There are 2 protein chains.
Amino acid sequence: MLERGQEEKILDAAYACIARDGYAHTSLRHIAHEAGVAVSQISYHYKNKEGLLLAVVERAATNYHAYMQEYLHPHMSPREKGECVIALFQGVLEDDPELFRVLYDLAGLALWSEPFRLQVREVFAGIMEQITTEVFTAELLGDLGHQHTAETLASLFFGGLFGIALQALLEPENKAIVSSLSALSVVFK
Amino acid sequence: MLERGQEEKILDAAYACIARDGYAHTSLRHIAHEAGVAVSQISYHYKNKEGLLLAVVERAATNYHAYMQEYLHPHMSPREKGECVIALFQGVLEDDPELFRVLYDLAGLALWSEPFRLQVREVFAGIMEQITTEVFTAELLGDLGHQHTAETLASLFFGGLFGIALQALLEPENKAIVSSLSALSVVFK
DNA sequence: GAGGTTTTCGAACGGTCGTCCGATTGAGGA
DNA sequence: TCCTCAATCGGACGACCGTTCGAAAACCTC
């Protein structure tokens, strides 16, 4: 029986609550109950709700990067890595849609609160940098032969992933949307 | 001095509050105060908060369609219409970013509440149908000569618009993001 | 002008929220 | 063993939430 500290337990519980109910319906009491802990423990370890949520974002970002790095093997070509990212998103949407809902929720938080905006911006910048350096390399850019920069194409690529994923969640009965993610490969073809 | 009914005033106030503070921080009291009206008037006219919000979504969708229809002149070619939609999004992001934040917020609501999901899905379906029939026509599809359907390309196109717009709002100091919207024209080139 | 209906108001209700505080517990060093 | 300090707890606080209700006001019809 592994014994994690309360701090960790609270963080897990917070993520679980947000994934289940969404941020808007997640209260500190719910989180504390899910963690099997007194409410005041949250203030003790994370100062306040905002502090806890920022920690959740940070942890989610770390997880994401590890996940991504695990899938993008060094021996792949840039194009293969692009396809791989697409496949990864498709897999998430099918197997673990809550993951994307949390991403959407936290990004939404960032639209209204400056501290969250700064933190989420970092997360997005990390994703973008990964895509820029792994997929839209100088090699691939020269291959494509059009005028767009790697940053532009990365924005386009990730924006497309995000926007299509939202549509897929709004219309889960329409399987065509998830598979239309594959069409995103037009940006590196 | 035009005299709109209270019903209309409440709807305006609700939209204004959401645009200013986001849905999560908008209460019926704020809305009532903004409208210069008693709180109980909201329940009287819209039954409850959900009813009011659904009305807000419906009104926003109507406004959107009128806006779009005004910009897409019948004499334009499909490609021109595509460029026009892109330019329209760029204009919104620069002049009236709250419009997009509201769209994002309401779509986020739809991820967690079934009634909202159904209503927002209708809105998105309307947008998608407009893009499908106006931009990705059979004529253009044949011109492009690749295997994707009009629906797939429309998903890609709108998803890209949405995802890039989010990045632009998270990083308003980075003007390159807004202009990278133009690169979305790769999908019909 | 009287009477009935719709509209509007302010107050109140029961809940839930995030935060704070004093008391209790527990582990580790003197 | 005692002292200290960090960790944990339950309860309380004031604020705000969405909803409801009875009374007042406004409107319309006769």
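Guide: Asp12(A) forms a salt bridge with Arg59(A), the closest N and O atoms being 2.6 Å apart, where a salt bridge is a side-chain nitrogen of Lys or Arg within 4 Å of a carboxyl oxygen of Asp or Glu. The model is a predicted one, in which local features need pLDDT of at least 70 and side-chain atom pairs count only at pLDDT 80 or more, while totals for chains, interfaces and linings use all residues. Residues are numbered from 1 along each chain as its sequence is written, chains are lettered from A and ligands numbered from 1 in the order in which they are written, and side-chain values use heavy atoms, with hydrogens and water left out.

Chain A is divided into domain 1 (1-47) and domain 2 (55-188), with bounds that come from an automatic or database domain assignment. Between domain 1 of chain A and domain 2 of chain A the count is two salt bridges. Helix α1 (residues 6-21) of chain A gives the most to the side of domain 1 of chain A that touches domain 2 of chain A, namely seven residues; helices here are DSSP runs (H or I, at least four residues), as strands are (E, at least two), numbered from the N terminus. Across this interface of domain 1 of chain A and domain 2 of chain A, the rule also finds three residue pairs in polar contact, both residues being at pLDDT 80 or more. A polar contact is a pair of N or O atoms within 3.5 Å, and within protein one must be able to donate a hydrogen and the other to accept it, with residues adjacent in sequence counting only if both atoms are side-chain atoms.

The C-alpha centres of domain 1 of chain A and domain 2 of chain A lie 28 Å apart, and 11 residues of domain 1 of chain A are in contact with nine residues of domain 2 of chain A, contact meaning heavy atoms within 4.5 Å. The size of an interface is often given as the accessible area lost when the parts come together. Between domain 1 of chain A and domain 2 of chain A the buried area is about 940 Å², of which carbon and sulfur atoms give 68%; buried area is the accessible area (1.4 Å probe) that two parts lose on being put together, summed over both. In domain 1 of chain A, the residues that lose the most area to domain 2 of chain A are Leu11(A), Tyr15(A) and Tyr23(A), together 56% of what that side buries.

The view can now widen to the interface of the two chains. Here 41 residues of chain A are in contact with 41 residues of chain B, and the chains bury about 3,600 Å² between them, 72% of it on carbon and sulfur atoms. Leu111(A), Trp112(A) and Leu170(A) supply 23% of the area that chain A buries against chain B, more than any other three residues. Across the interface of chain A and chain B the rule finds four salt bridges, and Arg121(B) forms a salt bridge with Glu173(A), with the closest N and O atoms 2.2 Å apart. The elements giving two or more residues to the side of chain A that touches chain B are α1, α6 (97-110), α7 and α9 (150-170) of chain A, and the largest share of that side, 13 residues, comes from α9(A).

Within helix α7 (residues 114-134) of chain A lie both Glu114(A) and Arg117(A), three residues apart, about one turn of the helix, and their side chains meet in a salt bridge (2.6 Å, N to O). Glu114(A) is partly exposed, with a relative accessible area of 45%, whereas Arg117(A), at 11% relative accessibility, counts as buried; buried means under 20% relative accessible area, exposed over 50%, and partly exposed in between (1.4 Å probe, protein chains only). In chain B, Lys81(B) forms a salt bridge with Glu134(B), the closest N and O atoms being 2.7 Å apart, and both Lys81(B) and Glu134(B) are buried. Salt bridges that share partners also join Glu114(A), Arg117(A), Arg121(A) and Glu173(B) into one network.
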